[in-house]
Each structure stands twice: as C-alpha cells, then as structure tokens.
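Got a model open and wondering where the labels come from? Let's go through them one by one.

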Amino acid sequence: MRPPIPVLSEYGISPKHGFLPDVLPLTRLPDPYYNKWESISTNLQNLILSKRLRGVIDRLPILSTIGLEHDAEWRRAYMLLTFFAHGYIWGGDTPCDRVPPSISVPLLEICDHLEVPPVSTYAASVLWNFKPLFIDEDIDDLDNLATLVTFTGSLDESWFYLVSVAIEARGGPIIPLMLTAVAAARQGDSATVTRCLRGFAERLDDLGELLRRMHESCDPGFFYRRIRTFLAGSKNMAEAGLPHGVTYDDGTGTSEYVQYSGPSNAQSSLIQFFDIILGVEHRPTGEKPDASESEREGRSRVPKHNFIRDMRRYMPGPHARFLDDVSAVANIREFVESRAASDQPLSIAYDACLSMLRTFRDIHIAIVTRYIVLPSRENRARSRSRSPEAVRNRQNLATASKNAAHKKVKGTGGTALIPFLKQARDETHEPTVEIWAKKLLGRQTKVSGQNDFFLGKEEEADVIEEPVVEHGLAGTWTMDEDYGAYILHALVLSALGLLVARETRGYWRLTRASPLAAGHMSSIAGPCALAGGGVDVSLSGVAKDVGSYGGSYGVQNVYCRTENGSFVPVR
C-alpha cells in the first residue's frame with residue numbers, strides 16, 4: 001500500500017508561506033515575567049559593542065519556561081536565547097566555550113519542546129525573526145520586511161536574514177503545487193504534472209531574482225568581519241578558538257562538550273524540499289557518482305555522513321518529519337523517466353526545473369565567493385601586515401582565515417564551503433532526462449565570477465580550452481564550435497513560452513514573450529542555440545539593461561552562424 005501524501009496542516013506548514021509560521025512571530029513575550037530577556041534583546045547590540053553582555057548574562061537569574069504557552073511564545077523564547085548564547089560565546093576578544101545556566105537551563109527545555117538543538121539555526125535567525133512593515137501587504141515582498149533581533153543592529157545584517165525570509169515566503173506555494181503533481185503522477189495525469197513543473201520552474205526563477213538582491217543592502221566586508229562571526233557554530237571551529245566545542249552548563253556539574261553547526265542555508269526545509277521532490281540526490285562532499293548510479297533501487301538509500309541530510313537535525317521537528325514523509329512519496333523523477341520517450345513537453349518542463357535550481361545554486365555560489373571567499377583572502381593579506389600582537393588580540397571565525405595554510409574556507413556550518421556548494425550545484429543536473437540536456441548541464445565550464453577565477457587553480461592539472469563567459473545583468477556572450485553550457489536554459493525558456501525565436505529573412509532573433517523573460521535575459525550568458533523548424537541556430541549578443549535595473553529588454557548584436565561557420569548579424 002502506498003503511503004498517503006502528506007497533509008501540510010499536520011506539520012504546521014502554510015500552503016501560502018510554506019515553512020514560515022502561519023501566525024506572525026511575536027515582537028515581545030506577553031508575560032512580564034520574561035521582561036529581563038526582552039530587556040537584553042532590546043539592548044543586545046550595545047551590550048555586545050561595550051563587551052558587557054557576558055557580565056549581564058552571568059548575573060541573569062534562571063527563568064522557568066512555565067510561562068510559555070502558545071507555539072509563538074516558545075519560538076520567540078528560542079530565538080532570544082540562541083541570540084544571547086551566540087553573543088555570549090563570540091562577543092569577546094576570544095570565544096567562550098561555556099554557556100552559563102541562566103541561558104542553558106531554559107534553552108535546553110525550550111529545545112526539547114520545539115525539537116531543535118540548543119544553537120542558533122536557520123529557524124531562529126530567519127523563519128522566526130521577521131515582521132511585516134505594513135500588515136496589509138504580503139510578506140513575500142522583501143521591501144515589506146524587518147527583523148526582530150540582530151547582533152549588530154545594522155541594515156546589512158537585517159537584509160541578510162530578510163532575503164531568505166522573502167525567498168521562503170515566495171517559494172511557499174511551490175509546496176502544495178508539487179504535492180498536487182505527486183498526486184497527479186499517481187493517476188498518470190501527465191498534463192497536470194507538466195503544468196505543475198512549469199509553475200515550479202517559473203517560481204524558482206523568482207527566487208533567484210530575490211537572491212540576486214543580496215548585494216543591495218549587505219556589504220561583503222561588513223558581513224564577513226562583523227555578522228558572520230556571530231553565526232558560527234561550535235563544530236569544526238578549532239581554528240576559531242573552540243577546539244572542543246561548547247558546554248551548556250545546566251548547573252549539575254555533569255555538562256560535557258558538544259559541537260553544533262551554526263545557521264546555514266542547508267537548514268532551509270524549502271530548498272531540501274526542492275531536491276526531494278525532483279529526485280536530486282546529494283552525496284557526502286568529495287564522493288563521486290558510482291558506476292551503479294542508474295539503478296533505481298539505489299536512489300532511495302541516503303548515504304551516511306551526508307551534510308545536507310545531517311542539516312535536518314537543525315530543522316524544527318515537524319518540518320524534518322515532513323521532508324522524510326515527502327521522500328517516501330516523491331515520484332516525479334520516476335514518472336518523467338518512464339515517459340521520456342513519448343512525452344517531450346513533460347521532460348522539458350522537468351529539465352527546466354533542474355536548470356532553474358542549478359542556476360539558483362550558481363547565484364548562491366557567486367554570493368559566497370563575494371561575501372566569504374574574497375574577504376577571507378583580504379583578511380589573510382591584512383593580517384600579514386599587522387604586528388603579531390595585534391593579530392593575537394582577537395580570535396573568531398573571521399580571524400581564523402589569517403593562517404594561509406587554511407586554504408578551504410569554512411562556513412558557519414563547519415564545512416569546507418566551496419567544495420560542498422559546487423558539488424551540490426553539480427549534483428542538481430544529474431537527474432536530467434534528455435541526453436543532450438544531461439551533456440550540456442554537466443559540462444564543467446570556466447565561468448568567471450563563479451569561483452574558478454577567485455579560488456585559483458583546481459587540484460587537477462588538466463586545463464581545458466574553453467571560452468570565458470562573463471555573467472551579470474549585462475553579460476557578454478561568447479561563441480565556440482562546441483555546444484554551450486546554456487543552450488538548455490534557452491531551450492526550456494522557449495518551451496515555457498518565456499522566450500521566442502522568430503525567423504527574419506533566414507535569420508533568427510531572440511525576443512521575450514513575457515515580462516518573466518526579463519530576468520532570464522541576463523542569465524542566458526553563454527553560447528546559445530535555439531531549435532526552430534528543424535534548423536539549429538546559434539545566437540550571441542549582449543544582454544542590456546535587464547532585471548532590477550529597468551530599461552529595455554532584449555538583446556543587441558544578435559548573430560546567426562552561416563553554413564561556413566562564420567557569424568553574420570541579424571538585422
């Protein structure tokens with residue numbers, strides 16, 4: 001008997017806003033008994049700045065959790081105490097490896113209730129840490145959001161959290177949409193599955209555009225030196241000053257060291273839902289796909305010590321159980337593969353989702369490069385110019401990179417950051433159905449602005465001659481005799497009706513068929529080919545004034561390859 005399709009309400013999941021709470025997060029605990037916690041929250045930034053937070057918390061009495069009634073109160077209490085704990089650990093010149101009983105005792109009880117670990121998580125910093133500026137406007141609008149608590153009191157820190165809040169809200173409707181697709185696949189309803197996949201692909205593109213806005217109000221240098229420090233966990237943080245992890249002193253004298261990852265986007269239940277529903281599998285970092293990968297029965301087995309899988313321990317309990325239950329019913333990949341030979345629109349819609357999800361991960365890698373990798377190199381260069389005494393004065397996640405031997409930058413989750421992200425990105429294309437799509441998305445192109453340039457040479461010595469592709473809102477397209485890595489992106493957009501190739505006196509012109517195409521015009525930055533009338537046509541050009549900058553949509557300098565291989569402009 002097949003397991004039932006999960007019902008969202010049983011897991012506290014909203015059909016409109018997904019994993020964000022149905023009831024808006026509280027701005028204050030209603031019971032005056034908790035005024036001392038609220039007072040610290042109000043003055044948290046000043047207490048950290050003056051380095052008096054530890055003293056205040058040491059003198060704080062142990063408050064009972066008996067006054068917490070509704071889930072919203074438990075969630076706010078968890079958010080407050082985890083912010084206090086991280087401020088206490090990382091708020092001095094050197095980290096403190098002991099969290100005092102005034103925080104530990106109530107925090108451990110709250111964590112048992114919410115089924116989360118006693119550390120700041122994605123749920124604490126994002127899901128339960130926002131409020132709308134205008135209650136009558138939707139929370140999927142990034143410009144209508146504000147944070148409740150931050151370490152620094154800066155716009156940069158608020159913006160960093162709020163981009164993720166908006167992504168969660170905008171992506172929420174994808175959850176019921178794809179559960180509908182699962183039900184349709186059980187009934188053999190290919191048309192409904194195709195429709196759902198097309199909606200999924202378009203919504204994924206919206207999420208990518210939100211993620212691209214990170215740079216608008218979050219400065220990379222400030223994020224690296226001030227914000228990221230407080231987001232660090234205690235796992236794999238020996239270089240940052242926590243060789244054994246931390247102890248949560250519960251007053252019994254028996255507390256032992258524990259290690260937890262800090263908040264990470266890998267703890268987003270929404271992103272993990274995307275992978276599960278599309279059948280994307282992630283291996284432990286560094287592990288290559290094996291030869292028996294095509295065996296379907298092996299797809300349901302989850303490898304041990306998988307970081308992405310491990311991140312479910314940091315999700316609220318009901319959310320983690322929802323993902324487990326979705327894994328038991330996910331059937332989209334198998335359904336598409338079973339009809340690949342007879343239903344091309346279904347295959348293209350499925351591959352479109354994988355392409356959009358891979359593009360989303362490309363954007364994330366570019367952000368990580370700008371906000372973590374480059375500042376870490378600057379930090380090492382800066383530390384070499386300082387006196388040894390000045391360098392030794394502070395120790396945290398930011399200063400840990402001063403040692404040039406630490407070549408692999410670690411994330412707040414404690415992982416080797418770039419290898420993990422690039423492998424997750426590359427694994428996203430593996431389920432592609434069409435053979436040509438698998439070949440194109442699987443190409444390892446040298447793309448500036450996406451880490452190869454910034455991180456230097458790869459460990460492999462082989463160098464492949466390939467054209468450099470410049471990404472951005474105004475990206476230069478280059479041509480090559482081989483297939484381009486972005487052909488699929490153009491094809492699926494054309495299939496979805498977002499882009500159209502029209503013939504003009506024997507040539508083909510790329511135009512937008514929908515305002516949704518505006519964002520795509522900037523991301524199709526590679527050798528592109530559109531199939532029309534049985535003729536393969538290559539296009540190159542420069543995307544101009546697209547995306548959030550406004551202006552005209554379309555392309556300039558569009559070319560068509562002639563029979564002899566030369567390129568002539570499309571007039």
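**Where the labels come from**

Leu81 is found in helix H4. This is a predicted model, where local features need pLDDT of at least 70 and side-chain atom pairs count only at pLDDT 80 or more, while totals for chains, interfaces and linings use all residues. Residues are numbered from 1 along each chain as its sequence is written, and side-chain values use heavy atoms, with hydrogens and water left out.

Q: Why is Leu81 called buried?
A: Buried means under 20% relative accessible area, exposed over 50%, and partly exposed in between (1.4 Å probe, protein chains only). Leu81 has 0% relative accessibility, so it counts as buried.

Q: Which residues does Leu81 touch, leaving aside residues up to four places away in sequence?
A: Trp37, Ile103, Pro106, Leu107 and Ile110. Contact here means heavy atoms within 4.5 Å.

Q: What makes H4 a helix, and which residues does it span?
A: Helices (H or I, at least four residues) and strands (E, at least two) are DSSP runs, numbered from the N terminus. H4 covers residues 71-90.

Q: How does helix H4 pack with helix H11?
A: The angle is about 115° and the axes are 8 Å apart, with H11 being residues 220-231. Axes are lines fitted to C-alpha atoms, for helices over the stretch in contact, and angles run from 0 to 180 degrees between N-to-C directions. His86, Gly87 and Trp90 of H4 meet Thr229, Phe230 and Leu231 of H11.

Q: Why are H8 and H9 called roughly antiparallel?
A: Helix H8 (residues 174-186) and helix H9 (residues 190-212) pack at about 160°, with axes 9 Å apart. Angles under 35 degrees count as roughly parallel, over 145 as roughly antiparallel, 65 to 115 as roughly perpendicular and the rest as oblique. H8 and H9 are therefore roughly antiparallel to each other. Their contact divides into 11 nonpolar, three polar and one charged. For those classes, Ala, Val, Leu, Ile, Met, Phe, Trp, Tyr, Cys and Pro count as nonpolar, Asp, Glu, Lys and Arg as charged, and the others, Gly among them, as polar.

Q: What makes H12 and H14 roughly parallel?
A: Helix H12 (residues 269-278) and helix H14 (residues 317-329) pack at an angle of about 5°, axes 10 Å apart. H12 and H14 are therefore roughly parallel to each other. Ser269, Gln272, Phe273, Ile276 and Ile277 of H12 touch His319, Phe322, Leu323, Val326 and Ser327 of H14. By class that's six nonpolar, four polar and no charged residues.

Q: What makes a set of residues a nonpolar core, and which have the most contacts inside the largest one?
A: A nonpolar core is a set of buried Ala, Val, Leu, Ile, Met, Phe, Trp, Tyr and Cys residues joined through side-chain atoms within 4.5 Å. The largest has 131 residues, and Leu197, Phe273, Phe322 and Ile332 have the most contacts inside it. Helix H16 (residues 344-384) gives the most, with 16 residues.

Q: Why is Glu115 called partly exposed?
A: Its relative accessible area is 37%, so Glu115 is partly exposed. Glu115 lies in the loop between helix H5 (101-114) and helix H6 (122-127), and has a positive phi of about 60° although it is not a glycine.
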